[in-house]
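The sequence and structure follow.

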Amino acid sequence: MRTDDATYYDVVIVGSGFGGLAAARRLRGRGETALLISSTPEHLFQPLLYQVATGGLGREDIAPRTDTLLRRHRNVEVVEGVVTAVDAMPAVLTYRADGRDHRVHYGSLIAATGAAQSYFGRDEYADRTFALKTIDDATRLRAHLRACFDAPVDDAAATTFVVVGAGATGVEVAGQIAELARRHERREVAITLVEGLDDVLPAFGGGLSEYSRRALEKSGVEVLTGSMVTDISDGVVTVNVNDGAATRKIATDTVVWSAGVSASDFAGVLAEATGCYTDRAGRLLVNDDLTVGGVANIYAIGDMTSLRGYPGQSPVAMQQGRHAVDIITRKRAPGSVFHYRDKGSMSIISRGRAVAKLTERITFRGLMAFVAWLGVHLYYLAGVGNRAKAVVAWVRSFVGSARPGFDEVVEAPRPEPARIAG
Ligand SMILES: Cc1cc2nc3c(=O)[nH]c(=O)nc-3n(C[C@H](O)[C@H](O)[C@H](O)COP(=O)(O)OP(=O)(O)OC[C@H]3O[C@@H](n4cnc5c(N)ncnc54)[C@H](O)[C@@H]3O)c2cc1C
């Protein structure tokens, strides 16, 4: 539906990710009028991006249209557009859509624009590496992997893969490329996972990190912890290994970058509009009730914010989205402090191997964690049709050796090795 100049909504939500969607869903059946503006037409289930990249799932399985998901929310309109400016005093924002600017007045604003990739000052890496933040990133990587596996057997750079960052995304990508090579493509490949800290999956720590490292190594992934990538150019990745004890040069066509995040550009726009401070990653240091700076009717949630060290994970964004709506709709008192209810974290490594941490003391690993991972991700995968398709796809890829999404890629011109040339 169109929004013309000077349209008013009680609530405007920016972003259709986990935070924005949870906020919009919370408004169902309430009296407030709401507009959700997002730069993408879909709600993206980012935790499964690596499955699209490695062909376990199709693009449409993890990125349903937001207006379809919200079709029963009669008081919530959805438009595609990029919010570019906010004026806090007359409470009006500007978004760009269809080549022109639109202005909307709001009663309350909820910003949930997420995070972008960070290259720690080496922005040129953006053109030399593959990211995994958007659905296009995932399909681009998938097409590239397809081309790499189709390369002649003596093309070593095509079947050498470097993954930077051993958080959940890096571990999942490295593990899945190994599975793809062994079980689906039946090709010998070299995969190196580089991590600056001393542990794989540092957020899990202890026995779970150790288990994850062993599981990756069993899958054929070389793990370099305490190691930093110091250069990526001319098709070669230079790694400072073991805190400087040695230097490795790895010739490769594929570097997947999953090493850091910075807040989305819109966090900077809001910081300026409200006087809110940001941290080094540009994340808004929001107030305890999720309001921004000194402005009582602007809330920011999810990955674009920093509050009490809460992790950049989907449950935080969703809980914050609901909290902000509850204050706006007076279900909670104004100024109510947000507290995150941590239900634990999990990460998959390979078929039958995963780790889960519910509390510091309740942890599990192996097949049990793998089954729990499947269940939890199915539960949260938005859209019932997608859930059914995911079950079928996972049975085919985890029980059998098919990669339904990977086989769909028919046209994938092999990128030049200069793809990552300096
Ligand atoms: C590869 C990957 C794997 C992950 N795995 C896990 C996991 O296993 N478990 C977990 O809990 N978390 C995981 N996360 C983190 C989780 O996805 C994020 O914490 C969550 O998406 C944050 O939600 P959000 O609403 O803050 O932002 P996002 O979900 O990123 O949504 C941001 C939205 O804002 C829109 N947007 C941006 N700028 C503008 C603008 N100016 N105007 C309009 N719209 C805009 C975007 O289009 C998008 O719709 C993973 C993330 C990635 C990238």
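## Ligand shell

By class, the residues of the shell around the ligand divide into 14 nonpolar, 17 polar and 2 charged; here Ala, Val, Leu, Ile, Met, Phe, Trp, Tyr, Cys and Pro count as nonpolar, Asp, Glu, Lys and Arg as charged, and the others, Gly among them, as polar. The model is a predicted one, in which local features need pLDDT of at least 70, side-chain atom pairs count only at pLDDT 80 or more, and totals for chains, interfaces and linings use all residues. Residues are numbered from 1 along each chain as its sequence is written.

The ligand is surrounded by 33 residues, the closest being Gly15, Gly17, Gly19, Gly114 and Gly302; a residue is near the ligand if its C-beta atom, placed from the backbone, lies within 6 Å of it. At least two shell residues come from each of H1, S2, strand S4 (82-87), helix H5 (168-185) and H8. Helices (H or I, at least four residues) and strands (E, at least two) are DSSP runs, numbered from the N terminus. The two domains below, with bounds from an automatic or database domain assignment, each contribute to the shell.

| Domain | Residue ranges | Shell residues supplied |
|---|---|---|
| Domain 1 | 7-39 + 81-116 + 261-328 | at least three |
| Domain 2 | 120-259 + 405-420 | at least three |

## Packing

Helix H1 (residues 18-26) has 8 of its 9 residues buried, that is, with 20 or more other C-beta atoms within 10 Å of their own, C-beta atoms being placed from the backbone. Among the buried residues of H1 are Phe18, Gly19, Leu21 and Arg26. The packing partners of these buried residues are strands S1 (7-14), S2 (34-38), S3 (76-80) and S6 (100-111), together with helices H3 (66-69) and H8 (314-328).

## Overall dimensions

The protein chain contains 11 helices and 22 strands, and 46% of its 422 residues count as buried. Its C-alpha trace spans about 65 × 50 × 45 Å along the principal axes. The radius of gyration of the protein chain is 22 Å, which agrees with the value near 22 Å for a compact globule of 422 residues; this radius is taken over C-alpha atoms, and the globule rule is 2.2 Å times the number of residues to the power 0.38.

Methods:
A residue is buried if 20 or more other C-beta atoms lie within 10 Å of its own, exposed if 12 or fewer, and partly exposed in between; C-beta atoms are placed from the backbone. Two residues are in contact if their C-beta atoms, placed from the backbone, lie within 7 Å.
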